Amino acid sequence: MRLVDDQVADAVAAGCRQLVLLGAGLDTRAYHLGLRADVTVYELDLPALFSFKEAVLRATGAIPTTRRHILPIDLREAWASRLRDTGFRPDQPTVWIDEGALPYLPAADHRRAVATLTGLSAPGSRFGLSRFTVDDDAPHYVELRRLVSGDEDAAAPLSDGDRPGPQWLVDHGWRTEFRAWDDMIAPLGREVAVHDPHVGVVHAVRE
C-alpha cells in the first residue's frame with residue numbers, strides 16, 4: 001500500500017534502520033522499495049506462508065535490495081527472543097508494520113504482541129494502529145481470521161475496546177497522533193475516500 005510505503009520511507013529518513021513486518025504475508029518491500037543498504041527487514045508469519053512465498057521468490061529470481069530475514073512463527077507464540085536471535089537490536093529504532101494481522105489474534109495474544117514490540121522499541125521507533133470498518137462476514141475476511149487465528153470458528157477482529165489503544169500506547173511511552181484516512185489519501189488524488197473522520201491510523205513514535 002502506498003501509504004505504508006510512505007510511512008516506511010519517512011521512518012527510514014528519521015533514523016529507523018530496522019523494519020519488522022508483523023504478519024508479512026506476500027509483502028515484498030525488501031525487494032521493491034529500494035531501501036538503503038543499512039536497513040534490515042524482518043518478516044514474521046506462519047511457516048506455511050513462507051513455504052509458498054519463498055518458492056515463488058526463488059522461481060522468479062527475485063533479489064532483495066537490502067538485508068532480509070524471515071521468521072516462520074505464529075504471532076501467538078513468544079517471538080521476542082527468536083527475533084533477537086536473527087540479529088534484531090532492541091537498542092536501535094524500528095518501524096513496525098501491521099497491515100491487519102494483529103486485530104485477528106485473540107485478545108490476550110494481541111495485547112501480548114503489542115506489549116512485546118513495545119518492549120523491543122528503542123526511542124524513535126514507530127508503530128501504527130488502524131481504525132477501519134469492514135464487512136466482517138465477507139468471505140475473504142472470514143478466511144483471513146481463520147488463517148491468522150487457526151480457528152475454524154474464529155470471531156471477527158477485535159474492536160478498539162478489546163485491544164491496546166492510543167491511551168495504552170501513551171501510558172507505555174509512545175507519542176501518538178491520529179490521522180484520518182481521507183486526509184492521508186487526499187494528496188494521492190485517489191477516489192477511495194470513506195467520508196468517516198473516525199477511520200484512519202493512530203501513528204505512534206516511541207519516546
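The following exercises, each with a worked solution, concern the predicted model shown above.

Residues are numbered from 1 along each chain as its sequence is written. Because the model is predicted, local features need pLDDT of at least 70 and side-chain atom pairs count only at pLDDT 80 or more, while totals for chains, interfaces and linings use all residues; side-chain values use heavy atoms, with hydrogens and water left out.

**Exercise 1. Helix H1**

Solution: 

Step 1. Helices (H or I, at least four residues) and strands (E, at least two) are DSSP runs, numbered from the N terminus.

Step 2. Buried means under 20% relative accessible area, exposed means over 50%, and partly exposed lies in between (1.4 Å probe, protein chains only).

Step 3. After H1 comes Gly15, with a positive phi near 115 degrees.

**Exercise 2. The salt bridges of Arg29**

Task: Identify the salt-bridge partners of Arg29 and describe where these residues lie.

Solution: 

Step 1. A salt bridge is a side-chain nitrogen of Lys or Arg within 4 Å of a carboxyl oxygen of Asp or Glu. The whole structure contains 12 salt bridges.

Step 2. One partner of Arg29 is Asp5, with the closest N and O atoms 2.6 Å apart. This pair links distant parts of the chain: Arg29 belongs to helix H2 (residues 29-32) and Asp5 to helix H1, 24 residues apart.

Step 3. Arg29 also forms a salt bridge with Glu99, at 2.9 Å from N to O. Here too distant parts of the chain are linked, since Glu99 lies in the loop between strand S4 (94-97) and helix H5 (107-119), 70 residues from Arg29.

Step 4. Arg29 counts as buried because its relative accessibility is 2%, and Asp5 is buried as well. Glu99 is partly exposed, with a relative accessible area of 47%.

Step 5. Asp5, Asp27, Arg29 and Glu99 are linked in a network of salt bridges.

**Exercise 3. Strands S6 and S7**

Task: Describe the pairing of strands S6 and S7 and the surroundings of Glu177.

Solution: 

Step 1. Two strands pair if DSSP finds at least two bridges between them. Strands S6 (residues 174-180) and S7 run antiparallel and are joined by seven bridges.

Step 2. Ala180 has Gly200 of S7 as its bridge partner. Six of the seven residues of S7 (residues 200-206) are buried.

Step 3. Glu177 is placed in S6 and, at a relative accessible area of 44%, is partly exposed.

Step 4. The C-alpha atoms of Glu177 and Val202 are 5.6 Å apart in space, although the residues are 25 apart in sequence. Contact means heavy atoms within 4.5 Å. Not counting residues up to four places away in sequence, Glu177 touches Val201, Val202 and His203.

**Exercise 4. The largest nonpolar core**

Task: Which members of the largest nonpolar core touch the most other members, and which element supplies the largest share?

Solution: 

Step 1. A nonpolar core is a set of buried Ala, Val, Leu, Ile, Met, Phe, Trp, Tyr and Cys residues joined through side-chain atoms within 4.5 Å.

Step 2. The largest core has 24 residues, of which Leu22, Leu44, Trp79, Leu83, Trp96 and Phe127 touch the most other members.

Step 3. Elements supplying at least two residues each include strand S1 (18-22), strand S2 (40-45) and S7. The largest share of this core, three residues, comes from H5.

Step 4. Apart from this core lies another, of 16 residues, among them Val12, Leu19, Tyr31 and Leu57.
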